[in-house]
Amino acid sequence: MEQCSENPHDDYRLFISAEPSLDPHESIIPQGILESAIKITNEPPSGIQANIHKALDNFTQETLESCSKETEFKAILFALCYYHAVLAERRKFGAQGWNRVSNFKS
């Protein structure tokens, strides 16, 4: 990047989103840049309640009131946010519980 710019602007910032490769030979971004860069992460909230609040924060009160069937819309939105929160919490347990055969019959 330094070679491509002879006179960079002082206020220039480059934002790169990257996930490290398992094989260091396949890395696209040089290791020196990754080591000297400032890293910012956005961790998902911990707990079902925090997940629900985070999901609901994406919607303004205006959005919630704009629907002609406001009560039904809010109920469906909450159910969707709750479902998302449960799945996000289950993700940390991996495959355990999702694909085990249970001993009860339906």
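**Packing of helices α2 and α4**

Good morning. I begin with one crossing: helices α2 and α4 cross in a right-handed manner. The residues that build this contact are, on the α2 side, I48, N51, I52, A55 and L56. On the α4 side, they are L77, F78, C81, Y82, A85, V86, A88 and E89. By class, the residues of the contact of α2 with α4 comprise 11 nonpolar, one polar and one charged.

Please bear in mind throughout that this is a predicted model.

Let me now turn to the geometry. Two packed helices are described by the angle between their axes and by the distance between those axes. Here, helix α2 covers residues 48-56 and helix α4 covers residues 70-90. Their axes lie 8 Å apart, and the packing angle is about 130°. Are the two helices parallel or oblique to each other? An angle over 145 degrees would count as roughly antiparallel, and one from 65 to 115 as roughly perpendicular; α2 and α4 are therefore oblique to each other.

I close with the protein as a whole. It contains four helices and zero strands, and its pattern along the sequence reads α-α-α-α. Of the 106 residues in the protein, 9% are buried. The accessible surface amounts to about 10300 Å², and carbon and sulfur atoms account for 55% of that area. Finally, consider the contacts between residues at least 6 apart in sequence: 49% of these join residues at least 24 apart.

Thank you for your attention.

Key. Residues are numbered from 1 along each chain as its sequence is written. This is a predicted model: local features need pLDDT of at least 70, side-chain atom pairs count only at pLDDT 80 or more; totals for chains, interfaces and linings use all residues. Side-chain values use heavy atoms; hydrogens and water are left out. Buried means under 20% relative accessible area, exposed over 50%, partly exposed in between (1.4 Å probe, protein chains only). Contact means heavy atoms within 4.5 Å. Accessible areas come from the Shrake-Rupley method with a 1.4 Å probe; for residues, only the protein chains shown count as cover. Axes are lines fitted to C-alpha atoms, for helices over the stretch in contact, and angles run from 0 to 180 degrees between N-to-C directions. Angles under 35 degrees count as roughly parallel, over 145 as roughly antiparallel, 65 to 115 as roughly perpendicular and the rest as oblique. A crossing is left-handed if the near helix is turned anticlockwise from the far one by less than a right angle, and right-handed if clockwise. Ala, Val, Leu, Ile, Met, Phe, Trp, Tyr, Cys and Pro count as nonpolar, Asp, Glu, Lys and Arg as charged, and the others, Gly among them, as polar.
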